[in-house]
Amino acid sequence: MFDLDLIISGLANAMTLTNICYILAGVVIGQIVGATPGLSIIMALAIAIPITFALDPLTAISFLISVNKGGTVGGAVPSILINVPGTPESAATALDGHPMAKKGKPLKALKYGLYYSFFGDLSSDIILILIAAPLAVLALQMGPVEILALMILAFTVISGLVGNSMIKGLTAAAFGFLLASVGLDPATASPRFTFGMLDLYDGLHLTALSIGALAMSELLHGMVNTRRGEKSAASIKINSKSKEDSHVSWAEVLANKFVAFRALIIGTIIGAIPGLGSTTAGFLSYSITKQSAKDPEKFGTGDPRGIAATETANSAVVGANLIPLLTLGIPGNIAAALLVSALMIHGIQPGPLLFEEQGELVYGMFGAMLIANFCNLGIAQFCMRFWAKVISAPKTVVFAAALLLCLTGAYVADGGTFAAFIAIIMAVVGYLMRMFGYSIVAFIVAFILTPQLEESIIQARLITDGDITMLVYHPIAIALLVLSVASVVFLGPRGNRKKKAKNVTAGDEKNA
Amino acid sequence: MFSSIMKKASPVFATVACALATPALAATCPADFPDGPIALKVGFSAGGGTDSVARKAASLLQQQQGWTVYVENHPGASGGVMAKGLLKADSKGLSIGVGSTTTLAINPYKSKDINYTYQDFNYMGTGMMLNYGLTTKSGKPYSNLEEFVEYARDKGRATVSVGSLSYEIAVRNIAKHYGVRLIPIPTKGSSRALKDALGGHVDATVQGTAHVSQIRAGKMVQLATLTSERATYAPETKTLIENGLDLAIDGHIIFFTPKHTDSQIQTCLTEALAEVTESSEYTDMMNKLQAAASNLGAEGTTSYLQATSKFYQEALAK
């Protein structure tokens, strides 16, 4: 089944000088953007995509994947140093990383983050390379009925995991649902919510919408919280006088091997399920590790296990996310969705036929991913102190420059000034959602999944002729629907019970 | 086999044709044209078929005529956003629209928000013709249109995944002609429609070019060719017309300017486009895209759109 020639020539394609230069550049750009508070890696990808128009497909994809990988590592830096996550997925890293830095061990914390991130990313890439090809053969089994069941499953898992308040999380998702219905409906091509504007016929642009809701709203939030004359600088001094406090030994890394391994599994599974992302993986892994530990009270005080659990899991998602993308054509998260648009621009349709039609490119891409992992490790080792300097750039400069970049990104990526207006409107909407505690992640994920859900409903109804007993001929769909029911029954209430239990323990501790 | 001969031979033919044609075809343009850079306004996003054709045409226009030509993407409503905007351009001929049959012959009858028809524009010609085909996965109990229709009759219904409205109209017309239940399954993009056909989730699919490599690999069978002539990759398969239907679905990429463009400039642009589509570099690219580098010319395009618009106006009125 494996065509060795194809694999070798694909990998060899990845090893060209041009490619390696672009991978290095991508990793550096990703790390800088990830390390800059307020700049999201999604935005970096969105801005980088038009740059790749002129490149050949493999170089373009290698570059984008490197930016994504760089961003995941860079994102941990501001979380650890100033408690401001550079990227949403590193938000859980701040929980233990920042306390460790405050204890005077910032470099040690950064290195812990880097090593576990490298482990998670590399391992999940290897899992992707080994399992994605056989998965591609199975992917053809996923017809409209099966995809519909998968979408239902994705929605139930999201509703169980996103946000503190179930009501607010569901409201945000419903809002995503609503905005996704703008444009021509997939069954009869009649316009919905277009108000006579032709620009709205194809719906709201995903890139513009995500730049606005995720990146620009974060910048607005930052600007509102900045006061005149305030200087932004890392509150922690980086001292590397004590070797003990600035280095991580092999023994220290290996001490958390079980935590890291479990985080890898969580990250890979969550990454392979479309719609869930690094942020969820990071928090889920963190909370499971904390709950299963004998000494949960140590978490939050600078425990390396906290960093290991989060960074391994959120980095494992980066590789695993490509499993549904490469095999089913379903983007696992926004970064993968942006990767889809980049592939399409180069005339490549991600999906079950990708391995068949673009095998050499896919294996080239795998090669590039492996190279990018090592570049990521090397560059981060070398430049850690520099990233800390980027953090201390004045906010007045960073925010203004970033806003301009966001607008340019929306303008270039999607349809001109109209997309820029969408981004601005979504920035305000996103800011308000943030202020009132509505999950922007639930909103965006719902926005991305809805068109697929709607199309599958229409197709499934036509294919089964509206006869629900036809489901008997779709065993995969039945299995997925059973899983959805199980996730509603077990994940939702059980999560709440655990939370309550945790609150009780926390209360007991205070009393004691 | 056949197409590999075509690929080797076509540059030779094209070069000969080009050498013969160039003196006669050298575009006659007003002395002061162009009065600035020329924009090719593409009605689809960067990366699609129409976009790649426009980019090729832009670079060849630049080479052959010495003009400065750039490509602008104005995606939305199957080229409707671009065409609506193009009406506002002045008469200097510096804005050229690049759209599809859907942009000009289907859009005006599909939506109230489109305020133009094909008559509001002047046509330079066409750049590419797509070979539409009704195809299915190999190993099905049917391998041509008659057998497929019989299968649908026996089973009571058959499903056909379609990636665009014009394909859907074609399926409905076939069903009506034979009096069988063919159910078009609307799918976002032809690639997903192809995936569903290969996975055996639908009984057939209508495809533009994506299925050609599958047919070569023996994984799919062409049941009927929807264009007016047989496809080079499936020479045995009959067209709908040969099957007795008065129906041919042709898809073209069309170059156009607003009606009010200066007539001398219109002639100049038409001739310049003809020079592009006859160059060997251009025909080579078309071969790679599995399509024909057909240029209907200014008058041919207008009469094609007249007939096609009438067909879709009637089909969509129902």
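In chain B, five strands form an open sheet with mixed pairing, and their order is S7-S6-S8-S5-S9. At its edges stand strand S7 (182-186) and strand S9 (220-225) of chain B, each of which pairs on one side only, and neighbouring strands of this sheet are turned against each other by 30° on average, direction ignored. The model described here is predicted.

Strand S5 (residues 133-137) of chain B pairs with S9(B) in the antiparallel sense, over five bridges, and within this pairing Gly133(B) stands opposite Thr225(B) of S9(B). Helix H5 (residues 145-155) of chain B lies across strand S6 (158-162), S7, strand S8 (204-207) and S9 of chain B, and runs at about 125° to S6(B). Helix H6 (residues 165-178) of chain B also packs on the sheet, where it touches S6, S7 and S8 of chain B and makes an angle of about 170° with the direction of S7(B).

## The sheet ordered S2-S1-S3-S10-S4

Chain B also holds an open sheet of five strands in the order S2-S1-S3-S10-S4, again with mixed pairing. Strand S2 (69-73) and strand S4 (121-130) of chain B are its edge strands, each pairing on one side only, and the twist from one strand to the next averages 25°.

Strand S1 (residues 38-42) and strand S3 (residues 95-100) of chain B pair in the parallel sense over four bridges, and Lys41(B) has Gly97(B) in S3(B) as its bridge partner.

## Helices across S3 and S10

Helix H4 (residues 101-110) of chain B lies across S3 and strand S10 (251-258) of chain B, running at about 70° to S3(B). Helix H9 (residues 263-278) of chain B lies across S3, S4 and S10 of chain B, and its course is at about 10° to S4(B).

Conventions. Residues are numbered from 1 along each chain as its sequence is written. Chains are lettered from A and ligands numbered from 1 in the order in which they are written. This is a predicted model: local features need pLDDT of at least 70, side-chain atom pairs count only at pLDDT 80 or more; totals for chains, interfaces and linings use all residues. Two strands pair if DSSP finds at least two bridges between them. Helices (H or I, at least four residues) and strands (E, at least two) are DSSP runs, numbered from the N terminus. Axes are lines fitted to C-alpha atoms, for helices over the stretch in contact, and angles run from 0 to 180 degrees between N-to-C directions. Two residues are in contact if their C-beta atoms, placed from the backbone, lie within 7 Å.
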